[in-house]
Amino acid sequence: MNEILQRIEQAKHIVVISHVNPDADSLGSASALYTHILRLHKKVSWFCATKNINQKFLFLPWSENIKDSFTSSADLGISLDCGNSDRLGVTLSCDLINIDHHASNDGFGKYNLVDVDAISTTEILYKLFTSNNIKINPKMATAIYAGLLDDSGGFLDTNVNGTLFATVQNLIEMGADYKSCNKYLIKQQTLASFRLKAIMHKNMQLFCSGEVAVFCVSNEDMKLCGAVGSDCESSLEEALWLPNVEVSLLLKQNSDLSIKGSLRSHSKVDVNKIASLFLGGGHSSRAGFMLKDGTTLEGAKEKILKLICKEL
Ligand SMILES: [Mn+2]
């Protein structure tokens with residue numbers, strides 16, 4: 001039997017861990033694994049350090065059981081979609097299995113199942129389950145589909161291939177509630193994000209002969225719209241599809257005046273490389289970082305732009 005499944009068999013109390021500020025893949029993979037562990041009649045908890053998880057994810061199976069405090073009685077933790085140990089939001093004293101697909105993953109677990117070619121962490125689980133004859137039930141299928149849908153940009157990113165669609169066909173036949181996933185993860189938006197988009201689009205600037213789109217969002221803009229961090233994302237992604245744009249950069253000021261940076265890129269610039277200069281990371285086409293040194297939005301813009309333009 002697979003080493004990771006064997007370790008799960010041996011454990012008494014398992015905690016599945018979604019990363020801080022979780023996305024559909026981290027929550028979907030935790031949801032699928034949580035469901036599987038429940039079926040083994042084992043004690044299982046679900047930890048995510050972020051207190052207010054975006055409502056749109058709460059259709060995922062068992063998400064009502066997510067806790068923001070870590071249970072000390074656990075003898076095994078399983079992190080899902082966490083590119084580095086900071087993403088866990090907790091320091092573990094028990095063994096850890098690290099399941100992930102980020103290029104920046106440094107293998108921080110005692111056991112590591114990292115596949116940087118996988119489209120999503122849920123795809124890694126799909127392969128783990130199917131290759132070990134573990135039946136995927138409708139709840140698991142929904143959760144796996146959710147990660148695939150979100151991490152492939154709604155099946156539109158360049159990493160999408162026929163294998164992905166074949167997997168999706170299987171998941172739908174297994175009972176995946178793809179309609180809810182499409183509705184909550186792709187179609188539905190908040191009024192706050194709708195309002196924020198108008199401000200972001202109006203203030204967007206183009207640099208380096210129009211190859212870099214930059215959004216600076218102040219804490220004031222956020223408060224004015226009642227927006228949260230994830231409300232900025234769709235504009236960041238959309239700007240990448242303007243003619244000539246190769247890289248899209250978002251600098252968002254937090255309420256403590258630290259700055260969250262997010263980067264999206266076609267193939268010309270490896271944005272993971274740029275994010276890692278600021279102890280961030282991600283994938284070559286999407287990455288993030290934090291600036292906590294008191295830099296202003298304008299100062300941060302100058303600094304990051306210089307690095308991007310050098311790569312173009
Ligand atoms: Mn992912």
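## A buried serine

Ser29 is buried, because 30 other C-beta atoms lie within 10 Å, and the cut-off for a buried residue is 20 or more. The model is a predicted one. Ser29 belongs to helix H2, which spans residues 24-39.

Leaving out residues up to four places away in sequence, Ser29 touches Leu80, Asp81, Ile99, Thr121, Thr122, Leu125 and Gly147. Ile308 stands 279 residues from Ser29 along the chain, and the C-alpha atoms of Ser29 and Ile308 are separated by 33 Å.

## The sheet

An open sheet is formed by 6 strands with parallel pairing, in the order S3-S2-S1-S4-S5-S6. Its edge strands are S3 (66-67) and S6, each of which pairs on one side only. Helix H2 lies across S1, S2, S4 and S5, and runs at about 165 degrees to S1.

Strand S5 (residues 95-100) is mostly covered, with 5 of its 6 residues buried. Strand S4 (residues 76-80) runs parallel to S5 and is joined to it by 5 bridges. Within this pairing, Leu76 has Asp95 of S5 as its bridge partner, and Gly77 has Leu96. S5 is also joined to strand S6 (residues 111-114) by 4 bridges, again in parallel. In that pairing Asp100 stands opposite Val114 of S6.

## Nonpolar cores

The largest nonpolar core has 48 residues, and those with the most contacts inside it are Ile14, Val16, Leu33, Ile78, Ile144 and Tyr145. At least two residues of this core come from each of strand S1 (13-18), H2, strand S2 (43-48), S4, S5, helix H3 (121-131), helix H4 (138-151) and helix H6 (178-187). H4 gives the most to this core, with 8 residues. In soluble globular proteins, nonpolar side chains tend to be buried together.

Ile78 shows the local contacts: neighbours within four places in sequence aside, Ile78 is in contact with Ile14, Val16, Ile17, Leu33, Ile97 and Ile99. Another core, of 30 residues, lies apart from the 48-residue one. Its members include Cys216, Cys232, Val247 and Val269.

## Helices H3, H4 and H5

In H3 the buried residues are Thr121, Thr122, Glu123, Ile124, Leu125 and Tyr126. The buried residues of H3 pack against H2, S4, S5, S6, H4 and H5. Among them, Thr121, Thr122 and Leu125 are touched by Ser29. Just after H3, Asn133 takes a positive phi of about 55 degrees.

The axes of H4 and helix H5 (residues 162-173) come within 10 Å and cross at roughly 155 degrees. H4 is therefore roughly antiparallel to H5, since angles over 145 degrees count as such. H4 passes H5 in a left-handed crossing. On the H4 side Ala141, Ile144, Tyr145 and Leu148 take part, and they meet Leu164, Thr167, Val168 and Leu171 of H5.

Technical notes: Residues numbered from 1 in each chain as written. Predicted model: local features only at pLDDT ≥ 70, side-chain atom pairs only at ≥ 80, totals over all residues. Buried ≥ 20, exposed ≤ 12 C-beta atoms within 10 Å, placed from the backbone. Contact = placed C-beta atoms within 7 Å. Pairing = 2+ DSSP bridges. Core = buried A, V, L, I, M, F, W, Y, C linked by C-beta atoms within 7 Å. Axes fitted to C-alpha atoms, helices over the stretch in contact; angles between N-to-C directions. Parallel < 35°, antiparallel > 145°, perpendicular 65-115°, else oblique. Left-handed = near helix turned anticlockwise from the far one by under 90°.
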